[in-house]
Amino acid sequence: MLVDDLRALPERHSDWVTLDAARVRAFADTTEDWQFIHLDEARAAAETPFGGAIAHGFLTLSMLSMMSYQVVPDLPGLGASINYGFDRIRFVSPVRVGARVRGRFAVASVDEGDGWLAVHWDVTVEIENAERPALAAQWITRFERKS
């Protein structure tokens, strides 16, 4: 029943989240990626085609965890989920610092093993008021079955 329930989930969207300068700075400090294109608005506007500072692509990617908590329902019989990996990740468009993004999640397929389920998600991170997404990915999360 769980597999069918997961396969039947409709496409879902997370809430919008702002990738503001404080979040970008915190990510830069955590990853030690202090490249000026992320932290110096004036220099990024003058020296890049982006028109100003942009969020780290990996920051945008890392927001998938938070976004997924908003869209994946509690499913009886499943315990903890783990990040199993990605089949594909593409950083399609840069996200300007201060922009809002949200995740769009659709179940592509579900694999079942002894005591676990692997959900393959087609994920897009949309940028508010932009035609092209920030990223597109095929993400796999693995859920352990409760005994």
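User: What makes the lining of the largest cavity in this predicted model mostly one class of residue, and which residues line the largest cavity?

Analyst: In this predicted model, the residues lining the largest cavity are Leu9, Pro10, Arg12, Val71, Val72, Phe105, Ala106, Val107 and Trp121. Leu, Pro, Val, Phe, Ala and Trp count as nonpolar, whereas Arg counts as charged. The lining therefore divides into 8 nonpolar, no polar and 1 charged residues. Strand 4 (residues 100-113) gives the largest share, 3 residues.

User: Why is this space called a cavity, and what is its volume?

Analyst: The term cavity applies because a 1.4 Å probe fits there but cannot get out. The largest cavity has a volume of about 40 Å³. The search of the whole structure, with a threshold of 30 Å³ or more, finds 1 cavity.

User: What is known of the largest pocket, and which elements supply its lining?

Analyst: The volume of the largest pocket is about 350 Å³. Its lining holds 16 residues, and the closest to the centre are Ser68, Tyr69, Val72, Ser81 and Phe143. Helix 5 (57-71), strand 3 (78-91) and strand 6 (135-145) each supply at least two lining residues, with the largest share, 5 residues, coming from strand 3. By class, the lining of this pocket has 9 nonpolar, 6 polar and 1 charged residues.

User: Why is Glu126 called buried?

Analyst: Buried means under 20% relative accessible area. Glu126 has 15% relative accessibility, so Glu126 counts as buried. Its place is in strand 5 (residues 116-127).

User: How do you know that Glu126 makes polar contacts with Arg102 and Arg104?

Analyst: A polar contact requires N or O atoms within 3.5 Å. The side chains of Glu126 and Arg102 are joined at 2.6 Å, and those of Glu126 and Arg104 at 2.9 Å. Both pairs therefore meet the distance cut-off. Beyond four places in sequence, Glu126 also touches other residues, including His13, Trp16 and Pro133.

User: Why is the pair Arg104 and Glu11 called a salt bridge, and what does the pair link?

Analyst: The rule asks for a side-chain nitrogen of Lys or Arg within 4 Å of a carboxyl oxygen of Asp or Glu. For Arg104 and Glu11 the N to O distance is 3.8 Å, so the pair qualifies. This pair links distant parts of the chain, with Arg104 in strand 4 and Glu11 in the loop between helix 1 (2-7) and strand 1 (12-13), 93 residues apart. Arg104 is partly exposed at 27%, and Glu11 is partly exposed at 46%. Glu11, Arg102, Arg104 and Glu126 are linked in a network of salt bridges.

User: How do you know whether Gly52 is buried or exposed, and where does Gly52 lie?

Analyst: With a relative accessible area of 0%, Gly52 is under the 20% limit and is therefore buried. Gly52 lies in the loop between helix 4 (41-47) and helix 5. Leaving aside neighbours within four places in sequence, Gly52 is in contact with Ile37, Glu41, Ala44, Ala45 and Arg96.

Conventions:
Residues are numbered from 1 along each chain as its sequence is written. This is a predicted model: local features need pLDDT of at least 70, side-chain atom pairs count only at pLDDT 80 or more; totals for chains, interfaces and linings use all residues. Side-chain values use heavy atoms; hydrogens and water are left out. On a 1 Å grid over the protein atoms alone, a cavity is a set of points where a 1.4 Å probe fits but cannot get out, and a pocket is an open set with protein on both sides within 12 Å along at least five of seven lines; lining residues have an atom within 4 Å of a point. Grid points are joined across faces, edges and corners, and a volume is the space filled by probe spheres set on the points. Helices (H or I, at least four residues) and strands (E, at least two) are DSSP runs, numbered from the N terminus. Buried means under 20% relative accessible area, exposed over 50%, partly exposed in between (1.4 Å probe, protein chains only). A polar contact is a pair of N or O atoms within 3.5 Å; within protein, one must be able to donate a hydrogen and the other to accept it, and residues adjacent in sequence count only if both atoms are side-chain atoms. Contact means heavy atoms within 4.5 Å.
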